[in-house]
Amino acid sequence: MAALEVEGRDLDQMARAVPRKQPRSLRRIVASVFLVLIMIVVTVGMLLPYEWMFTSAFKTDGEIFRYAYPISWKTFWPPNPTLENFVKVFRDWKFGRNLMNSVIAALAQMSGTVVISSLAAFALTRMKWKGSNLVFGIIMLVALVPFEVIMVPLYVVVRSLRLTRNFLVLFVPWIASPFGIFQLRQAFAEIPRDFDEAALIEGASPFQIFWNVILPNTKSSLVTLSLMSFLWSWNAFMWPLIAMQDVTKQVIQVAIATFTLPYQLPEWGAIFAGATLGTLPVLILFVLLQRYYVRSALMSGLKG
Amino acid sequence: MSRKHLVVAITMLLVAAMVAGCAQPAPTATPRPTVAPTKAPVAQPTAVPAEPGGAFMAQLRKDGYIGPALTTENITLRMLRTSRQAYEEALYKRWNEEFMAAFPNIKIEEEVIPFGDLFQKIQVIIAGGSPPDAMIIDGPFVKSYCYFDILAPLNTHVAAEYLADYVPATFEEHTCGDMIYAFPHQQASCAIFFNRDKFVAAGLERPPETTDINAGWTWEQFMEAWKKLTVTPAGAAAPDVWGLAPSEFGAGGVGSNYYLEGMYIRGKGDPKAPKDSEEWKTYASISEDGTDVKGYLDSDLAIEGMKFYQSIFQVEKVSPTAGMPNSFPDQRAATVLGTDAWVKRIQAANASLNFGVSPIPHYSDGVPFTHGGSTTFAVTKGAKYPNEAFALLMYWHNLKNRIEFHQVTGSLPALISVFAELPYYQKLPDSLFQATLVEFAMPRPPGPGYSQYQSVSDLAIKDIGLGADVASTLHAAADELNGYLAQFKK
Amino acid sequence: MTTTDQALVRNRRRNYRLTIFWMMLPAILGLAMFQYGPLVVAVRNGFFDMTLLNPERAKFIGWANYIKMAQDARFWQSLRNTAIYSGGKVLLELPFALILAVLSQQAIKGIGIVRTAVFAPTVTAMSTMAVIWNMMYHPQNGLFNSILTGVGIPPQPFLTSASQAMASILVLSLWKDVGSSMLILLGGLQAIPEEFYEASSIDGAGPWEQTRYITLPLLRRTLLYAMVLLTVTSFKVFTPIYVMTKGGPLGVTRTTVYYVYELGFKYLQMGYASAVSVILMIVMIVVAMLQNRLLRTEFEY
């Protein structure tokens, strides 16, 4: 895994290497029309299945598929909007409880992963010790293990720890994440070395460098990892299904799946309502965190 | 020193890995009958010592519980089951509360999971050495669980008279050797649902709505009707309304579930033919010891049956090749093969649908055939509190609660005496499902290898439905399956 | 050097090592307990003939599972299917994600909506989305076929045909996952100091030049991370196959992990399933190493 390292380069030199070019206004206009078209196609294409899911949640069981084919406005809009499905999932299926469990478990897994990964990534990138590359390689090895293979032995482990009725079982096994360590290792390695050397000369301890130099400079990567690990937890299905034995602590993905009943037609309305409810919180989170990903002012200077 | 820390860290890693790796399943508690507490009430030494649970327990004994008295210690009884409709959930909740009121020292904890993941969940908890005291299981798996020694037999805790009341197909399915391993929870049988209006609109005679299953239409008759019922609008590339709805079992569509599609094979056979004949083998679907399917799953008759099945999708194209949820209640299909419990669900999906139910079709040269079997409950061999688990399940399954259960869910009873108590079994369509169950329903292929049987045949049937060569697909499936079943040979 | 100085240096060195130790400890402990431990058991199971329904009856059979694998046509087919899926996924998703990430950094009105739209599918569980796409892929009455016939193209069989099933699953996965790759690349873009863009725009460089000469070179670590993550996750693809095709038709969508699941939980051969996954892991390690090699030469110009 040592091969992943690539040498840092002189960034200023690279910036200066960009060749000059004169702007051409007609080309600009054609390009922006083209761009807007792409944007519309992408947005519609990405959202179409979603739109169908959202609006189906407001249809009755019988209407959901009646209007699926042939296409009409009724395919994408409920002709008789109803909240019945939502009432059903909250009242009959106690979905609120599952929703809350998922939020707590995902937040816990997110915080755990960010803390553990950033500590390990710092030790792996900013501190000098023999064998660090070997340890990193060993860590990455488990990223390759398919979950279906270790599921049963892992269940035996959490059972012998008496965790199967404990909330901890939902996230504790996953907070030490090879992907998290990998991602932050990449990000930390991007920070120029002179930053910590300057701090070192001022007598800062490694932990102070970690806290005052590295973390503030890798905010966007930390937020990315937070959202990724939140998602991993949020979308987990097989593990909570297998490991969590207390039905009051179960998460939403399992709850949605329980809307299908043996030897009977599934409760489609409830499934769509559940999926809609399971989607919105994370989508809102993404929108709220957007400023961490996006350099909004980036190209504005060029436009004028 | 840095190396020292590294060594320490790696050692810890290895030790932790070893510890975790060696964490074998904890020895499961062997079922030890809880001895009834001997401190009988001192005040009335001559009277019959009152059992814990008092009148409730006395009634339970009348219902058929013959096991030891229940514990007076504080215990938690663990139950694994699948999710149900709200009205059914309410029943379990109330029964459990009634049981816990009679035995305040017993706490019932239920774990509820999706049905689709039940088999996998059971495998994991068994491998993990932590089985619940009681659990729901799928009927055809009883013999598998029995082979692997996972369930506790009912005979030690349930009266023989109660066991004698089982519907024969249920009794057969739940029996392994000379012991019975599951409660008579519910049954299922199949019939064909049809949209009366669509038959009228197509100018067709309607199939008979009768309890005389032999008077039902043949598959061939239905094929002719399906062709006329399939409507393709002018200029459209595909029909808008289909003759036959795709399967809504399992994943839906072709090869969804052997429960449904196995009927197209086994219906070609004959239960009355001699046991070495092709007719009998096709009907039996597997050898009597449950280890051989060559000549059963892929007999010439089975191939004929599957050719008919394939023609539905590939030649006549009267049914779509992929699942279409709710197509029957949405009037996108004129007929659908479904079980008794669907009456309620179809009505719920479309209250104004004018539909009838006709007997399961049979081949012109075959006998009516439907699979029976449904989910049921059993006590695990590793149960910590087997007596209490049996008592609770006995309470759920006493006559009074059974009657209420079937009234609420509309599913078929698995106890003969319950039918008599439910007046709607005197009229259609429920009487048809009862007649089908009692006269024609068969368990799915018996034997410890049902999981393998179902998995292999589902894939083969799917490929056939999508157009693969019938004979070679079935032969390959039978060979593959025999490979998996070899382990069960004595 | 005085003795106190030496002590000070020694003390500082000790503290330095202790810091490393404590920083690595939670990660190593967690991984050892919850990943390595189970992995050791899984590897061990590969040498047994065993089923989950009665692990006590397990029989040690040495290398027999591995010998069986060599002659198991389904295993080889599953490896090929996995390679097709993973190769297709990486080749399609990375360029798309990069284009979308760069695009969504532009100051264009409404770009926030595009970004949210691209990200939206990553939020809902694959199990739910696979159910919905299954219906859109319906060979006769699906949404896609209505659109195709609307523009004069004959309806396609999609998941019900051996030639289109894997491609259909790939398109779904691309739709579902491109947002998370975009998210990673956005995080990487954000880390590029803004001054570079400012400097280059003063020099008159357009978006294309900036992408070519600033973004791509500075993004290579992030790209590498996204690529490795993508390869590893696509090697482990399971849910869409479980929900939509169950490995069919004719086994063309049976990926190795799905085969492992089938063997372990449907055919009750957990020992053999474990052996198959050990081989899968070895294949993945080889692929990951090749990728590193390849990527290093590609980006170092």
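In what order do the four strands of the open sheet with S7, S8, S6 and S9 of chain B stand? The order is S7-S8-S6-S9, and the pairing in this sheet of chain B is mixed. The model in view is a predicted one.

Consider the edges of this sheet. Strand S7 (242-244) and strand S9 (355-358) of chain B each have a single partner strand, so one side of each is left without a neighbour in the sheet. Direction ignored, neighbouring strands are turned by 25° against each other on average. In general, strands of a sheet pair through backbone hydrogen bonds, and the pairing is either parallel or antiparallel. S7(B) and strand S8 (residues 333-339) of chain B pair in the parallel sense, over two bridges. To find this pair of strands in the structure, look for B:Trp242, which stands opposite B:Ala333 in S8(B). A helix also belongs to this picture: helix H13 (residues 342-349) of chain B lies across strand S6 (190-195), S8 and S9 of chain B, and runs at about 140° to S8(B).

Chain B also has an open sheet of four strands in the order S2-S1-S3-S11, again with mixed pairing. Which strands stand at its edges? They are strand S2 (106-113) and strand S11 (375-379) of chain B; each has a single partner strand, so one side of each is left without a neighbour in the sheet. From one strand to the next, the twist averages 25°. Strand S1 (residues 75-82) of chain B pairs with strand S3 (residues 134-138) of chain B in the parallel sense, and two bridges join them. B:Met79 has B:Ala134 in S3(B) as its bridge partner. Helix H3 (residues 86-102) of chain B packs on the sheet, where it touches S1, S2 and S11 of chain B, and its direction makes about 160° with that of S2(B). Helix H14 (residues 386-396) of chain B packs on the sheet too, touching S1, S2, S3 and S11 of chain B, with its direction at about 50° to that of S1(B).

Now turn to chains A and C. Their contact takes 105 residues from chain A and 106 residues from chain C. Between them the two chains bury about 10,100 Å², 74% of it on carbon and sulfur atoms. How many salt bridges are counted between chain A and chain C? The count is zero. Polar contacts across this interface are found for nine residue pairs, both residues at pLDDT 80 or more. Helix H2 (residues 25-56) of chain A gives the most to the side of chain A that touches chain C, with 13 residues. By class, that side of chain A has 79 nonpolar, 13 polar and 13 charged residues.

Terms used. Residues are numbered from 1 along each chain as its sequence is written. Chains are lettered from A and ligands numbered from 1 in the order in which they are written. This is a predicted model: local features need pLDDT of at least 70, side-chain atom pairs count only at pLDDT 80 or more; totals for chains, interfaces and linings use all residues. Side-chain values use heavy atoms; hydrogens and water are left out. Contact means heavy atoms within 4.5 Å. Buried area is the accessible area (1.4 Å probe) that two parts lose on being put together, summed over both. A salt bridge is a side-chain nitrogen of Lys or Arg within 4 Å of a carboxyl oxygen of Asp or Glu. A polar contact is a pair of N or O atoms within 3.5 Å; within protein, one must be able to donate a hydrogen and the other to accept it, and residues adjacent in sequence count only if both atoms are side-chain atoms. Ala, Val, Leu, Ile, Met, Phe, Trp, Tyr, Cys and Pro count as nonpolar, Asp, Glu, Lys and Arg as charged, and the others, Gly among them, as polar. Two strands pair if DSSP finds at least two bridges between them. Axes are lines fitted to C-alpha atoms, for helices over the stretch in contact, and angles run from 0 to 180 degrees between N-to-C directions.
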